[in-house]
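Subject: Handover of a structure and the findings on it

Dear colleague,

Please find below the structure that I am handing over to you.

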Amino acid sequence: MTAKICIVIKSFENQRSGLLLNTRKIGLPKKQILYTVLRSPHIDKKSREQFETRIHKQLLVMETETHKLREKLNWLKLHDLLGVQLEIIFYYQTRLDKVCKP
């Protein structure tokens, strides 16, 4: 039986995910937010400063056997990247799911 692990990676920097083997990498659109702030609180409204944040996203898809699912999850926990938000989604089928389909 096979299981599919989908991982959505969000970070402020473009992360290299070369550590994971047997994965499909799908690039998602990056989000860019622009903030405009007044430099002086009282005078010179024309004087402004702009800041931006960029959020890079990437989708990783891993297909493994169901009995190796725990090993892959432990590997992901050990190799936790700093400054990265991970969202992990599991898809798997049991024997009953295969039998019950018409």
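The largest nonpolar core consists of 9 residues: Ala3, Ile5, Ile7, Ile9, Leu60, Met62, Leu69, Leu76 and Val84. A nonpolar core here is a set of buried Ala, Val, Leu, Ile, Met, Phe, Trp, Tyr and Cys residues joined through side-chain atoms within 4.5 Å. Buried means under 20% relative accessible area, exposed means over 50%, and partly exposed lies in between (1.4 Å probe, protein chains only). At least two residues of this core come from each of strand 1, strand 3 (48–65) and helix 1 (69–78). Strand 1 gives the largest share, 4 residues. In soluble globular proteins, nonpolar side chains tend to be buried together.

Two remarks on the source are in order. The model is predicted, and local features need pLDDT of at least 70, side-chain atom pairs count only at pLDDT 80 or more, and totals for chains, interfaces and linings use all residues. Residues are numbered from 1 along each chain as its sequence is written, and side-chain values use heavy atoms, with hydrogens and water left out.

Overall organisation

The protein chain holds 2 helices and 4 strands, in the sequence pattern β-β-β-α-β-α. Helices (H or I, at least four residues) and strands (E, at least two) are DSSP runs, numbered from the N terminus. Of the 102 residues in the protein chain, 21% are buried. The protein chain exposes about 8,600 Å², and 54% of this is supplied by carbon and sulfur atoms; accessible areas come from the Shrake-Rupley method with a 1.4 Å probe, and for residues only the protein chains shown count as cover. Among contacts between residues at least 6 apart in sequence, 73% join residues at least 24 apart, where contact means heavy atoms within 4.5 Å.

The sheet

In what order do the strands of the open sheet lie? The order of the 4 strands is 2-3-1-4, and the pairing is antiparallel; two strands pair if DSSP finds at least two bridges between them. Strand 2 and strand 4 (84–92) are the edge strands, each pairing on one side only. From one strand to the next, the twist averages 15°. Helix 1 packs on the sheet and touches strand 1, strand 3 and strand 4, while its direction makes about 155° with that of strand 3. For such angles, axes are lines fitted to C-alpha atoms, for helices over the stretch in contact, and the angles run from 0 to 180 degrees between N-to-C directions.

The individual pairings are as follows. Strand 2 and strand 3 are antiparallel and share 14 bridges; across this pairing, Leu38 stands opposite Arg48 in strand 3. Strand 1 and strand 3 also run antiparallel, joined by 10 bridges, and Ile7 stands opposite Leu60 in strand 3. Strand 1 pairs with strand 4 in the antiparallel sense over 9 bridges, with Tyr91 in strand 4 as the bridge partner of Lys4.

Strand 1 is mostly covered, with 7 of its 10 residues buried. Ser11 belongs to this strand (residues 2–11) and counts as buried because its relative accessibility is 5%. Leaving aside neighbours within four places in sequence, Ser11 is in contact with Arg54, Ile55, His56, Gly83 and Val84.

Particular residues

Which residues does Leu69 touch, not counting those up to four places away in sequence? They are Ala3, Ile5, Thr64 and Phe90. Leu69 lies in helix 1 and is buried, since its relative accessible area is 16%. Although Leu69 and Ala3 are 66 residues apart in sequence, they are 7.3 Å apart in space, C-alpha to C-alpha.

The count of salt bridges comes to 1. A salt bridge is a side-chain nitrogen of Lys or Arg within 4 Å of a carboxyl oxygen of Asp or Glu. The side chains that meet in it are those of Glu52 and Arg54, at 3.1 Å, N to O. Glu52 counts as partly exposed at 40% relative accessibility, and Arg54 is partly exposed at 36%.

Finally, Asp44 is located in the loop between strand 2 (23–38) and strand 3. Its phi is near 60°, a positive value in a residue other than glycine. Is Asp44 buried or exposed? Asp44 counts as exposed, because its relative accessibility is 51%.

With kind regards
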